[in-house]
Amino acid sequence: MNRLIITSNRLPVSIEKSEKSLTLTPSAGGLATGLKSYHKENDSVWIGWPGVTPTTKKEAGEITALLEQEQCLPVFLSEEQIVNYYDGFSNATLWPLFHYFGEFTEFNETYWESYYQVNLQFAEAIIANAKENDTVWVHDYQLLLVPNILREKRPDLRIGFFLHIPFPSYELIRILPWREEIIEGMLGADLLGFHTYDYARHFISSVKRLLGHDVEFNQIKLENRQVYIDVFPMGIDYNKFEKLALEVQSKPIQERSKEHQDIDRFLMGKPDRKIILSIDRLDYTKGIPERLKAFRHFLNKYPGYREQVSLIMLTVPSRTDVEQYQNLKNEVDILVGNINGEFGTLNWNPVIYFYRSMPFENLIELYSSADVALLTPLRDGMNLVAKEYIASKVNHKGALILSEMAGASRELGEAISVNPNNIPQTAEAIYKALTQSDKEREKAVLAMQKRIKRYDVHKWASEFMTALKSTIEKQLDHHAR
Ligand code: G6P
């Protein structure tokens with residue numbers, strides 16, 4: 001039978017190592033959180049990096065056994081590969097470039113060589129596990145070369161690829177010294193999927209201009225086959241969020257978690273008090289300093305809201321060995337300190353700041369309690385947090401402020417849209433979100449819920465798979481003629 005092999009740099013679960021034991025924890029980020037429910041419900045195998053480097057053969061065996069329970073297979077990276085492939089080419093070259101941070105982008109031959117070697121290593125792990133005609137679904141920017149390596153070594157495989165981050169304009173991609181290799185690597189797939197029409201359009205224009213291939217509508221014509229391009233905006237496991245939010249809402253106060261009780265206490269008996277929420281990995285693409293500045297602007301312009309509203313800002317540590325992330329952490333720490341120092345009182349913290357990850361149940365509690373979600377990335381492939389927040393608003397009482405630079409803004413047209421670089425505009429959006437009538441909020445939430453419920457993560461994955469299947473049929477048909 002035709003099996004599905006999923007592959008991404010990071011597995012949906014990571015291994016944490018303490019002195020005595022190994023434990024499995026859920027991985028952060030849209031790819032892992034979005035795709036894991038699909039993986040759980042399908043008979044797929046997921047190949048990727050578990051986030052640790054084993055020090056002995058015995059430990060490698062223990063990690064492999066733990067991952068097997070989750071239908072995952074590890075690709076182990078050496079310390080040197082983590083520096084050059086992961087921190088280096090993936091996160092100091094491709095990540096900034098694809099998010100339009102040209103000034104952060106590093107060009108380094110050693111990074112590139114390591115990137116190629118690790119992509120080869122992933123392809124070999126897939127090949128070792130793939131039976132004839134199996135389907136392989138490759139994910140994201142860390143593995144752009146895998147499709148073509150697989151195509152050359154195992155032409156029987158059916159290869160799909162999905163990019164979870166933006167594909168930038170040709171004007172950005174053209175500056176990369178390895179631009180042709182990257183695009184050729186991706187073209188090894190039968191079907192390439194993107195979150196938005198713009199990303200697909202940028203990719204097609206780069207293919208034409210850099211490699212000169214003919215393009216007919218969404219087909220790229222190579223010498224002996226076609227590659228299909230299509231748009232699949234990733235969804236969330238809607239029913240899971242809705243169900244848990246209903247449970248949270250109906251829980252008696254004394255059974256709630258400590259954090260939830262603290263929020264309740266903050267709101268108790270003060271009907272005008274409000275909570276604004278933001279959740280992201282601590283990443284410079286997420287616009288965290290800009291968001292804090294907008295909140296400060298808001299407190300200055302609307303002093304009546306002081307002591308009435310707090311920004312709960314959850315930032316999840318990410319890529320902590322990359323310099324830009326360390327600098328950002330310092331900048332955010334200072335800004336939060338400044339705002340709390342300037343406006344805070346004995347009874348009120350304007351910004352309640354967490355730098356850690358939180359268990360899933362706490363996230364749902366935060367989503368349910370928040371009056372406003374303030375999600376202001378400078379660039380974001382999709383932003384599934386926006387969809388999770390909307391799905392959790394089972395009482396329909398929530399406003400969403402969303403950056404127009406997030407892929408999700410294409411589907412969430414009823415959100416209050418901002419250009420995150422425009423600080424006064426974002427401050428006004430906060431005011432608008434806080435003063436909207438219940439009726440306005442409800443109307444917007446209901447419209448967004450309807451849309452994201454219909455196109456959830458299961459629909460997203462099954463549409464991709466159906467499109468891949470029909471692509472293969474067209475290829476076979478073409479060769480038969
Ligand atoms: C984004 C990327 C994912 C990545 C995640 C977390 O969502 O698209 O590929 O896994 O960030 O980043 P990390 O570097 O910790 O895997």
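Let me start with two helices, H11, which covers residues 288–301, and H15, which covers residues 423–435, whose axes come within 8 Å of each other and cross at roughly 65°. What I am showing is a predicted model, so please hear everything that follows as a description of that model. The crossing of H11 and H15 is right-handed. On the H11 side the contact is made by Glu 290, Lys 293, Ala 294, Phe 295, His 297, Phe 298 and Lys 301, while H15 brings Ile 423, Pro 424, Thr 426, Ala 427, Ile 430 and Tyr 431. Sorted by class, this contact of H11 with H15 has eight nonpolar, two polar and three charged residues.

Staying with helices for a moment, is H14, residues 384–392, mostly covered or mostly open? It is mostly covered, with nine of its nine residues buried, and the buried residues include Lys 387 and Glu 388 as well as Leu 384, Val 385 and Ile 390.

Now to the sheet. It is an open sheet of nine strands with mixed pairing, and the strands follow the order S5-S4-S1-S6-S7-S8-S11-S10-S9. At the edges stand S5, residues 72–74, and S9, residues 214–216, and because each has a single partner strand, one side of each is left without a neighbour in the sheet. From one strand to the next, the twist averages 20°.

Let me look at strand S1 in some detail. S1, residues 4–10, pairs with S4, residues 44–49, in the parallel sense over five bridges; in that pairing Ile 5 has Val 45 as its bridge partner, and Ile 6 stands opposite Trp 46. S1 and S6 also run parallel, joined by five bridges, and here the partner of Leu 4 is Thr 135. As for burial, S1 is mostly covered, with six of its seven residues buried.

Finally, the ligand. Which residues are around it? They are Arg 10, Ala 28, Gly 29, Gly 30, Leu 31, Ala 32, Asp 140, His 164, Ile 165, Ser 318 and Arg 319. Helix H1, residues 30–41, gives the most to this shell, with three residues. By class, the shell around the ligand has four nonpolar, four polar and three charged residues.

Notes:
Residues numbered from 1 in each chain as written. Predicted model: local features only at pLDDT ≥ 70, side-chain atom pairs only at ≥ 80, totals over all residues. Near = placed C-beta within 6 Å. Helix = DSSP H or I, 4+ residues; strand = E, 2+ residues; numbered from the N terminus. Nonpolar A, V, L, I, M, F, W, Y, C, P; charged D, E, K, R; others polar. Pairing = 2+ DSSP bridges. Axes fitted to C-alpha atoms, helices over the stretch in contact; angles between N-to-C directions. Left-handed = near helix turned anticlockwise from the far one by under 90°. Contact = placed C-beta atoms within 7 Å. Buried ≥ 20, exposed ≤ 12 C-beta atoms within 10 Å, placed from the backbone.
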